[in-house]
Amino acid sequence: LDIDPSSADNYHNLGLSLAYQDKMKSAIGSYLQSIKLRSSLENRSLAETYFLLAEAYNHSSNKIAAEKAYIQAIEMDDSLAKGLHALARLYGQKKEQPEKAIYLVKQAIKIEPEKAEYHNTLALLYYQLESYNLAQEALEAALAIEPENQSYQIGIEKITEKLAKSQ
């Protein structure tokens, strides 16, 4: 495949294509080349490339590199809600820095309050901390956006059971 070696967008798009084909190692290389070619003046598009690089690292189970790339994306564009959410989710999966994870997902919710997935992540984080009332509130917000979502409905049932047992 011949692409213009000076075009950051071409490498970015090639990375998307490779990631779609589940060729994460090659996708990571393309995203890194795209980042290398971009100027610092293109922060929003560079942030998006860092986000996609982080997603590829995360999919490849390289959580440390994923965390660094998510942080870089957020530093370049602090309104990148999906980056804030992804980093919060990563911290939640690793069961590390729960307060920071909660802060990050709340920031994502402020930017995109209509994303039920973000409210669900907040609920999961509170659930991990055994803050069941707060988990219930967050999950109810997710259900208000997506009332037919069965996962959220099951989550509410589990939280209700935990609250009943704790009383």
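## Helices α7 and α9

Helices α7 and α9 cross in a left-handed sense, that is, with the near helix turned anticlockwise from the far one by less than a right angle. The model is a predicted one, in which local features need pLDDT of at least 70 and side-chain atom pairs count only at pLDDT 80 or more, while totals for chains, interfaces and linings use all residues. Residues are numbered from 1 along each chain as its sequence is written, and side-chain values use heavy atoms, with hydrogens and water left out.

Helix α7, residues 116–128, packs on α9 at an angle of about 25 degrees, and their axes are 12 Å apart. This makes α7 roughly parallel to α9 (angles under 35 degrees count as roughly parallel, over 145 as roughly antiparallel). From α7, Ala-116, Glu-117, Asn-120 and Tyr-127 make the contact, and from α9 Tyr-152, Ile-159 and Lys-162, where contact means heavy atoms within 4.5 Å. By class, four of these residues are nonpolar, one is polar and two are charged.

## Helices α8 and α9

The axes of α8 (residues 132–145) and α9 (residues 150–165) come within 10 Å and cross at roughly 160 degrees, so α8 is roughly antiparallel to α9. The crossing of α8 and α9 is left-handed.

On the α8 side the contact includes Tyr-132, Ala-135, Leu-139 and Leu-143, and on the α9 side its residues include Tyr-152, Ile-156, Ile-159 and Leu-163. The residues of this contact divide into nine nonpolar, five polar and two charged.

Methods
Axes fitted to C-alpha atoms, helices over the stretch in contact; angles between N-to-C directions. Helix = DSSP H or I, 4+ residues; strand = E, 2+ residues; numbered from the N terminus. Parallel < 35°, antiparallel > 145°, perpendicular 65-115°, else oblique. Nonpolar A, V, L, I, M, F, W, Y, C, P; charged D, E, K, R; others polar.
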